[in-house]
Amino acid sequence: MSERSHLHDMKTVHVRELYVRGDIMEKAQELADVIAASEEVAVYRQAEQRIQEHERVQSLIKLIKKKQKELVAFQSTFKNEQMVQKIEKEIEALQDELDSIPIVGQFQQTQSDINYLLQMVVSVIRDSVSDKIQVESGNLSSPTSCD
């Protein structure tokens with residue numbers, strides 16, 4: 001086989017793979033659109049909006065981020081263990097206050113619901129593919145013809 005013929009074969013395989021991947025990606029995008037339009041995502045977006053509009057939640061988040069930066073500075077730059085422990089306690093108290101706000105818990109629940117939905121989708125896809133292909137042996141579970 002000449003080098004030119006070999007390169008031609010590689011290009012043909014590559015184009016075919018792109019076609020298959022394009023088809024898969026199109027279906028994946030359709031699935032993403034369905035998920036994005038789901039009730040779970042709508043509830044998440046509403047909860048996210050409430051979180052963004054809640055002044056105390058936003059001020060706590062900003063304060064926690066500020067304290068985290070201070071913590072890093074006292075850990076790495078100043079090497080001051082006493083301040084590190086003090087700031088860690090302050091962050092923990094701020095996080096506890098944040099977590100005690102009901103809309104924060106609701107928001108976290110919506111995140112959990114979406115993660116569960118996505119995990120279910122991945123499981124269904126994985127199980128469906130596994131039913132058609134025996135991954136361990138590399139054999140198709142049903143006979144196919146070669147073209």
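Modeller: Here is the patch, with its setting.
This is a predicted model, where local features need pLDDT of at least 70, side-chain atom pairs count only at pLDDT 80 or more, and totals for chains, interfaces and linings use all residues. Residues are numbered from 1 along each chain as its sequence is written, and side-chain values use heavy atoms, without hydrogens and water.

Start with the chain. It has five helices and two strands, in the order α-α-α-α-α-β-β. Helices (H or I, at least four residues) and strands (E, at least two) are DSSP runs, numbered from the N terminus. Of its 147 residues, 16% count as buried. Buried means under 20% relative accessible area, exposed over 50%, and partly exposed in between (1.4 Å probe, protein chains only).

Now the patch. Its members are Leu 31, Val 34, Ile 125, Val 129 and Ile 133. Together they have about 390 Å² of accessible area. Such areas come from the Shrake-Rupley method with a 1.4 Å probe; for residues, only the protein chains shown count as cover. Nonpolar side chains (Val, Leu, Ile, Met, Phe, Trp, Tyr) are joined within 5 Å, like charges within 9 Å.

Where do the residues come from? Ile 133 sits in strand E1 (residues 133-134). Ile 133 is partly exposed, because its relative accessible area is 34%.

Definitions and conventions:
Patches are made of residues with over 30% relative accessible area and no salt bridge: like charges are joined within 9 Å, nonpolar side chains (Val, Leu, Ile, Met, Phe, Trp, Tyr) within 5 Å. A salt bridge is a side-chain nitrogen of Lys or Arg within 4 Å of a carboxyl oxygen of Asp or Glu.
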